[in-house]
Amino acid sequence: MTSMSTGSKAPALSGPPKASFWSHLRYVVSENPVTGLAFGLFALIIVAAVFGPYLVPYDPLATGVGAALQPPSISHWFGTDHLGRDVFSRVVVATRLDLLISVSAVAISFVVGSVMGAFAGYFGGWTDRITGRLVDTIMAFPLFVLAMGIVAAAGNTVENIVYATAIINLPFYARMARAEVSIRRNAGYVQAARLSGNSEVRVLFGHIFPNIMPPMMVQISLNMGWAILNAAGLSFIGLGVQPPTPEWGIMVAEGANFIISGEWWLVIFPGLALMLAVFTFNLIGDGLRDLVDPQRRT
């Protein structure tokens with residue numbers, strides 16, 4: 001016969017400890033090495049943008065630091081251009097400007113586009129119609145051609161490049177925010193927030209908007225690469241940043257004149273930097289998707 005102690009209490013059942021963000025991040029990185037590679041490359045880009053001007057061996061604007069059109073060597077890792085400027089120094093320093101343009105443009109388009117889309121999806125009516133017609137008007141043009149027209153009309157300054165890039169990226173956030181808010185505006189937690197006495201604006205931005213952030217963050221990472229390509233493309237055709245400012249698009253455009261004569265390094269190295277940046281942001285988009293959506297984790 002077994003005896004039971006009436007004074008003892010059964011231990012309380014507790015679920016598994018909630019994983020912190022960092023432990024979840026480590027899990028995703030370990031599951032998918034490509035995600036770890038993406039964040040490593042992103043850290044490298046940030047270091048080059050912040051500390052690059054202080055780490056490069058030569059002044060990127062100084063001419064005659066070496067003989068012109070010299071191939072890669074120990075003294076000039078990426079060679080020199082037609083003015084004797086060190087290509088490696090110019091490629092590294094250009095990271096700051098290209099990253100600044102893309103971050104500023106994507107930030108503007110995200111804030112404006114997501115707010116417009118959120119209002120359109122939540123309130124509907126004339127707000128939805130006006131937002132829809134504006135987005136349709138922008139999307140009716142080839143986006144890069146539209147950016148060219150804006151910069152050509154307003155002037156090829158860094159500020160106008162940012163504004164043009166923000167305008168052509170705006171429809172992505174407006175459409176996504178509208179769709180996500182439309183799905184959630186009658187959800188149970190939204191109805192409970194209304195019954196609690198919250199205003200409609202507070203319900204929208206305090207309860208619905210935080211729940212649409214995961215897909216929006218993935219869209220931000222993808223648009224970062226597109227913004228860098230857009231800025232470099234404008235500079236390549238002469239509508240972007242002007243020489244002698246170090247910028248990847250300008251360097252590719254200048255180096256294109258020397259490909260036939262065999263100075264391949266003038267195009268290859270800035271082109272590789274541009275490709276690496278776009279590649280990194282695309283991979284980060286996949287990594288963020290894995291972080292916020294475990295069902296789609298690869």
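Predicted model: local features only at pLDDT ≥ 70, side-chain atom pairs only at ≥ 80, totals over all residues.
The chain contains eleven helices and zero strands. Read along the sequence, these elements give the pattern α-α-α-α-α-α-α-α-α-α-α. Of the 298 residues in the chain, 43% are buried. Among contacts between residues at least 6 apart in sequence, 70% join residues that are at least 24 apart.

The packing of helix H3 against helix H4 was examined in detail. Helix H3 spans residues 87-123 and helix H4 spans residues 125-139, and the two pack at an angle of about 140° with their axes 7 Å apart. H3 is therefore oblique to H4, since an angle has to be over 145 degrees to count as roughly antiparallel. The crossing of the two helices is left-handed. On the H3 side, the contact is made by Met116, Phe119, Ala120 and Phe123, and on the H4 side by Gly125, Thr127, Asp128, Thr131 and Leu134. Classified by residue type, this contact comprises five nonpolar, three polar and one charged residues.

Aromatic side chains were considered next. A search of the whole structure identified eleven aromatic pairs. One of these joins Phe78 and Phe269, whose ring centres lie 4.0 Å apart with the planes at 0°, so the pair is stacked. Phe78 is located in the loop between helix H2 (33-55) and H3, whereas Phe269 belongs to helix H11 (residues 265-292); the pair therefore ties together parts of the chain that are 191 residues apart in sequence. Phe269 has a relative accessible area of 16% and is therefore buried, the limit for this class being under 20%.

A further pair is formed by Phe110 and Tyr173. Their ring centres are 5.9 Å apart and their planes stand at 80°, so the arrangement is edge-to-face. Because Phe110 lies in helix H3 and Tyr173 in helix H6 (residues 158-184), this pair ties together parts that are 63 residues apart in sequence. Phe110 and Tyr173 are both buried.

Val87 is placed in helix H3, and its relative accessible area of 2% classes the residue as buried. When residues up to four places away in sequence are not counted, Val87 touches Phe78, Gly79, Thr80, Asp81, Met251, Trp265 and Leu266. The C-alpha atoms of Val87 and Val267 are separated by 9.9 Å, although the two residues are 180 residues apart along the chain.

Asn160 lies in helix H6, the helix that also carries Tyr173. With a relative accessible area of 15%, Asn160 is buried.

Terms used: Residues numbered from 1 in each chain as written. Heavy atoms only, no water. Axes fitted to C-alpha atoms, helices over the stretch in contact; angles between N-to-C directions. Helix = DSSP H or I, 4+ residues; strand = E, 2+ residues; numbered from the N terminus. Parallel < 35°, antiparallel > 145°, perpendicular 65-115°, else oblique. Left-handed = near helix turned anticlockwise from the far one by under 90°. Contact = heavy atoms within 4.5 Å. Nonpolar A, V, L, I, M, F, W, Y, C, P; charged D, E, K, R; others polar. Phe/Tyr/Trp six-rings, centres within 6.5 Å; stacked < 30°, edge-to-face > 60°. Buried < 20%, exposed > 50% of the residue type's maximum accessible area, 1.4 Å probe, protein only.
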